[in-house]
Amino acid sequence: PRPGRRQLWYAERIGRPNTAVVSLVAAPTYEKDHALFAGTSDGVFVSKNGGISWAPLNDGLGNKSIVSLVLSPNFEQDNKIYAASLGGAIWTLTTA
């Protein structure tokens, strides 16, 4: 929970008010960098502070209607994210 609050759950908005989050993935390095990736109806977003704030990773992403998001099994070495979009395309992004 946020400091000073007793609730166990809280929400942070990703993208526009009507954005649907359909996939959420924690980086295997989450314990040290707090990186999360979200696949949404408005593209792919990254948080580097455990979900408190989000930034888009959509440069070059032709179809932003993401239906599934996974990290490479070798993510710690290759930094690749795979996103499936409506219409059947698989997009690959190297984050570093």
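Biologist: Before the labels, what should I know about the model itself?

Modeller: It's a predicted model, so local features need pLDDT of at least 70 and side-chain atom pairs count only at pLDDT 80 or more, while totals for chains, interfaces and linings use all residues. Residues are numbered from 1 along each chain as its sequence is written, and side-chain values use heavy atoms, with hydrogens and water left out.

Biologist: How many helices and strands are there, and what makes a stretch count as one?

Modeller: Both are DSSP runs numbered from the N terminus: a helix (H or I) takes at least four residues, a strand (E) at least two. On that basis the protein has two helices and seven strands. From the N terminus on, they run β-α-β-β-β-β-α-β-β.

Biologist: What makes E1, E2, E3 and E4 a sheet?

Modeller: Pairing does: two strands pair if DSSP finds at least two bridges between them. E3 and E4 have two bridges, in the antiparallel sense, so that pair meets the cut-off. In one of the bridges, Val-46 has Ala-55 in E4 as its partner. The order of this open sheet of four strands is E1-E2-E3-E4, with antiparallel pairing.

Biologist: Why are E1 and E4 called edge strands?

Modeller: Strand E1 (21-26) and strand E4 (55-56) each pair on one side only.

Biologist: Which strands form the open sheet of three?

Modeller: That one has the order E5-E6-E7, again with antiparallel pairing. Its edge strands are E5 and strand E7 (90-94), and the twist averages 20° from one strand to the next. E6 and E7 are joined by five bridges; among them, Lys-80 partners Thr-94 and Ala-83 partners Trp-91.

Biologist: What is at the turn of the E6 and E7 hairpin?

Modeller: Four residues sit between the strands, and Gly-87 takes a positive phi near 100°.

Biologist: How do you know whether Thr-29 is buried or exposed?

Modeller: Compare its area with the cut-offs: buried means under 20% relative accessible area, exposed over 50%, and partly exposed in between, with a 1.4 Å probe and protein chains only. Thr-29 has a relative accessible area of 12%, so it's buried. It lies in the loop between E1 and helix H1 (30-33).

Biologist: And why is His-34 called partly exposed?

Modeller: Its relative accessible area is 36%, so His-34 falls in the in-between class. Across the protein, buried residues make up 32% of the 96 residues.

Biologist: What does Thr-29 touch, and what counts as a contact?

Modeller: Contact means heavy atoms within 4.5 Å. Leaving aside neighbours within four places in sequence, Thr-29 is in contact with His-34 and Glu-76.

Biologist: Where does Tyr-82 sit, and what does it touch?

Modeller: Tyr-82 lies in strand E6. Its relative accessible area is 28%, so it's partly exposed. Not counting residues up to four places away in sequence, it touches Ser-68, Leu-69, Val-70, Ser-72, Trp-91 and Thr-92.

Biologist: What makes a set of residues a nonpolar core?

Modeller: They must be buried Ala, Val, Leu, Ile, Met, Phe, Trp, Tyr or Cys, joined through side-chain atoms within 4.5 Å. The largest such core has 13 residues, and those with the most contacts inside it include Ala-27, Phe-37, Leu-69 and Phe-75. Strands E3 (43-47), E5 (66-71) and E6 (80-85) each give two or more residues, with the largest share, three, coming from E5.

Key
Axes are lines fitted to C-alpha atoms, for helices over the stretch in contact, and angles run from 0 to 180 degrees between N-to-C directions.
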